[in-house]
Amino acid sequence: MSTNEDPKLSTRRLRRFYVPYPLSQTQGSLRLEPAETHHLRHLIRLSEGDRCLVADGQGWEAEAEVLEFTKDDRAVLRILEITRRAEARANRVFFRVLPALLQKGKTDILVEKAQELQVDELWPVTSDRCEVRIPKEKIAKTVERWRRIAVEASKQSGALRMVRVSEPGTFRQAVEALADDDALLILHPESGATAFPEWLESFRGIRDRVRSLNILIGPEGGFTDDEIEWVRWRGKKKNVWVVSLGETVLRADTAFISVLGTLRFLGIV
């Protein structure tokens, strides 16, 4: 450390903020959105001359200096250095989770955990027993809230890749959207279901031959027999498994976190 360097700057952990566009598009400086500026200025209490980190959700991060605050409530930052912090892993399988909409803000928690566990895409679905329906006029606002939750989870966890949060679709839309080289796992506690450890060994054997791994997680009441039979009929030529997590019936949010954490920490996805 040079004698002219402020010791506070050398020891303080730089706080991270988010921009909704690639950092490669910046020309030496950038402007934060008003919400991020409010966080920087009023909650973290940074001022002109202070430094921070900026991430774009695509694996790039920049160290920046606060230059000024504009009248339209934006912080102007000078880019000091841009680096690639999250490299793409070789032979990585695209990881998509399709949970049924849950009640009382539980879907918000799923979004947060999907970001922390580095899911590529979260696509909420409705099914026959799903008790939650989002009115059409509220979908855009709800999805925007979920995306803000993902941003906050990204800043908290230090993850530099953002989960893609898609608008809710139906159970059948989700299955129909899959290609022949997409793998589908349906969590469903029926007597003939494949045990999770057995499925895990099977998937390891074909992992390099599938484009994506997709996991359908039902509502609290589970999927109906008709839904499961339709998927089996629709997926005759696809890599489709109906999988049980054991004798104990887990709540939907518990199953979500348990399965995602297992796959993530075992390096499956």
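In which sense do strand β3 and strand β4 pair, and over how many bridges? In this predicted model, β3 (residues 51-55) and β4 (residues 60-69) are antiparallel and are joined by five bridges. Within this pairing, cysteine 52 has alanine 64 of β4 as its bridge partner. The two strands form a hairpin with four residues between them, and glycine 57 in the turn adopts a positive phi of about 75 degrees.

Strand β4 also pairs with strand β5 (residues 75-84), again in the antiparallel sense, and nine bridges join the two. Phenylalanine 69 lies opposite alanine 75 in β5. The hairpin of β4 and β5 has five residues between the strands, and aspartate 73 takes a positive phi near 65 degrees there.

Attention now turns to the helices. In α3 (residues 106-116), the buried residues are Lys106, Thr107, Asp108, Leu110, Val111, Ala114 and Gln115. The elements covering them include β6 (94-99), β7 (121-122), α4 (139-157), β9 (164-165) and α8 (252-265). Just after α3, glutamine 118 has a positive phi of about 60 degrees.

The packing of α3 with α8 is described by an angle of about 5 degrees and by axes 10 Å apart. Because angles under 35 degrees count as roughly parallel, α3 is roughly parallel to α8. On the α3 side, the contact is formed by Lys106, Leu110, Lys113 and Ala114, which meet Asp253, Phe256, Ile257 and Leu260 in α8. The residues of this contact comprise five nonpolar, no polar and three charged.

The largest nonpolar core has 44 residues, and those with the most contacts inside it are Phe95, Trp199, Phe203, Leu213, Ile215 and Leu263. At least two residues of this core come from each of β6, α3, α4, β11 (182-187), α6 (196-206), β13 (212-217), β14 and α8. The largest contribution is that of α8, with six residues. In soluble globular proteins, nonpolar side chains tend to be buried together. Tryptophan 199 touches Leu185, Thr194, Leu213, Trp241, Val243 and Leu263, with residues up to four places away in sequence not counted.

Serine 244 is located in strand β14 (residues 239-244). Its relative accessible area is 13%, and because buried means under 20%, serine 244 is buried. Leaving aside neighbours within four places in sequence, serine 244 is in contact with His188, Pro189, Ala193, Thr194, Ala195 and Phe196. The C-alpha atoms of serine 244 and leucine 185 are separated by 10.0 Å, although these residues are 59 residues apart along the chain.

Terms used. Residues numbered from 1 in each chain as written. Predicted model: local features only at pLDDT ≥ 70, side-chain atom pairs only at ≥ 80, totals over all residues. Heavy atoms only, no water. Buried < 20%, exposed > 50% of the residue type's maximum accessible area, 1.4 Å probe, protein only. Contact = heavy atoms within 4.5 Å. Pairing = 2+ DSSP bridges. Axes fitted to C-alpha atoms, helices over the stretch in contact; angles between N-to-C directions. Parallel < 35°, antiparallel > 145°, perpendicular 65-115°, else oblique. Nonpolar A, V, L, I, M, F, W, Y, C, P; charged D, E, K, R; others polar. Core = buried A, V, L, I, M, F, W, Y, C linked by side-chain atoms within 4.5 Å.
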